[in-house]
Amino acid sequence: MGLRTERVVSAFNHRRVLVTGGLGFIGSNLALRLVRAGAHVAIVDSEVEGCGANRHNIAAAEGDLRVISADVGDAAALAGEIRGCAAIFNLAGEISHIQSMRDPRRDAALNAMSQLRFLEECGRQEPGIRVVYASTRQIYGIPQYLPVDEAHPIQPVDFNGVHKYAATAYHLLWSDLGRIDARVLCLTNIYGPRLALGLSGQGFLGNFLRRGLLEQPIDIFGDGRQLRDPVYVDDAVDAFLLAGIADAPISRVWNVGGFQALPLAEIASVIGTASGAPPPVFRPFPDEHKGIDIGSYCSDSTKIHEELGWQPTVGFTEGVRRTLEYFRRELPHYLRSSSGEDPAADLALAAALRRLAV
């Protein structure tokens with residue numbers, strides 16, 4: 001048992017912890033880790049369609065894990081869950097940039113107003129409660145320089161970035177006022193087991209992995225030179241836990257970036273090679289995507305390394321291997337048939353499931 005694991009067990013063993021958005025990708029991985037550390041975990045998830053909630057994500061749970069089907073915006077109903085918690089890991093919300101542009105009011109309701117009501121209730125029920133919030137690199141918009149550090153100007157290019165920054169500011173202001181003890185992680189592209197492969201708008205990595213698993217060519221928009229620094233989900237969970245156990249951190253906002261910055265073409269090649277997919281196909285940016293594209297991005301994670309001792313440990317090739325290994329076992333729970341709307345997709349899914357059954 002490493003020092004990090006010992007610290008997590010010491011902090012959360014037999015303690016009550018709340019994970020909002022805990023049926024989603026990162027939230028479920030975090031909840032499972034907390035259960036293994038001996039915490040009494042309650043998950044709050046509204047299971048809004050299209051936001052990634054999946055009950056199968058917590059199928060591996062052992063011990064004390066409860067699921068509360070509720071919207072964090074209905075905060076008064078969660079008063080009893082908030083009281084007495086050692087920490088709240090707040091991952092509730094919508095992450096789709098495209099969907100936020102199609103329906104900005106929906107995005108504002110899910111990512112801003114619900115968060116404001118929830119934080120008010122947290123401060124009312126458990127003054128000073130520790131809340132670790134999942135923000136996003138999208139708040140920075142088009143990078144003025146690389147890698148992007150926490151001093152970078154805030155200039156989101158879509159409504160999702162606007163509303164996630166509003167929620168970030170709510171956390172920081174309530175913390176400055178002494179109502180809660182907030183910590184914020186600005187996450188870049190996270191991937192790994194339990195990623196929502198069957199949903200659109202959940203990021204390019206889910207799409208790349210889905211097509212790889214179905215042995216289809218991976219579509220790359222543009223020339224494939226754009227940089228991204230993917231973070232394996234176990235490393236992201238480590239960042240949440242280290243933020244959650246830090247007693248008096250110097251900062252309250254940290255960027256969480258990946259092992260290395262890679263061109264999209266290389267990311268697609270690694271996934272395609274590992275999954276047996278055909279070579280990737282380069283396509284022009286659809287107009288809907290082109291308008292909110294930020295170009296190359298990678299995070300400067302120096303601050304979280306220096307202040308909390310976090311750094312990514314899983315390289316991309318190894319992370320892809322682990323991810324594919326998980327989905328090859330669990331694929332039926334993550335890929336849904338198109339119900340006749342897309343016969344090619346139905347055939348590809350059926351063929352993939354037959355291969356896995358052999």
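**Ground rules.** I call a residue buried under 20% relative accessible area, exposed over 50%, and partly exposed in between, using a 1.4 Å probe and protein chains only. I am working with a predicted model, so I noted that local features need pLDDT of at least 70, that side-chain atom pairs count only at pLDDT 80 or more, and that totals for chains, interfaces and linings use all residues. Residues are numbered from 1 along each chain as its sequence is written, and side-chain values use heavy atoms, with hydrogens and water left out.

Glu-47 is not a glycine, yet its phi is positive, about 55°. I found Glu-47 in the loop between E2 and strand E3 (65–69); helices (H or I, at least four residues) and strands (E, at least two) are DSSP runs, numbered from the N terminus. Glu-47 counts as partly exposed because its relative accessibility is 30%. Glu-215, also not a glycine, has a positive phi of about 55°. I placed Glu-215 in the loop between helix H7 (204–213) and strand E8 (219–221), and its 36% relative accessibility makes it partly exposed.

Most peptide bonds are trans. The one joining Leu-146 and Pro-147 is cis, with omega about -10°. Pro-147 belongs to the loop between strand E5 (129–136) and H6.

**Ile-43.** Is Ile-43 buried or exposed? Ile-43 is buried, because its relative accessibility is 0%. Ile-43 sits in strand E2 (residues 40–45). Leaving out residues up to four places away in sequence, I listed what Ile-43 touches, including Val-19, Leu-23, Ile-58, Leu-65 and Val-67; contact means heavy atoms within 4.5 Å. Gly-21 is 22 residues from Ile-43 along the chain, and their C-alpha atoms are separated by 7.1 Å.

**Asp-287.** I next turned to helix H10 (residues 287–290), where Asp-287 has its place. Asp-287 counts as exposed because its relative accessibility is 69%. Gln-138 is 149 residues from Asp-287 in sequence, and I read 19 Å between them, C-alpha to C-alpha.

**H5 against H6.** Helix H5 (residues 104–125) packs on helix H6 (residues 159–176) at an angle of about 10°, with the axes 9 Å apart. That makes H5 roughly parallel to H6; angles under 35 degrees count as roughly parallel. Axes are lines fitted to C-alpha atoms, for helices over the stretch in contact, and angles run from 0 to 180 degrees between N-to-C directions. Among the residues making the contact are Leu-116 and Leu-119 of H5 and Tyr-170 and Trp-174 of H6. The residues of this contact divide into 10 nonpolar, five polar and three charged. Here Ala, Val, Leu, Ile, Met, Phe, Trp, Tyr, Cys and Pro count as nonpolar, Asp, Glu, Lys and Arg as charged, and the others, Gly among them, as polar.

**The whole chain.** Last, I stepped back. The protein has 13 helices and 13 strands. Its C-alpha atoms fill a box of roughly 55 × 45 × 40 Å along the principal axes. Of the 358 residues, 54% are buried. For contacts between residues at least 6 apart in sequence, I noted that 81% join residues at least 24 apart.

Key:
Parallel < 35°, antiparallel > 145°, perpendicular 65-115°, else oblique.
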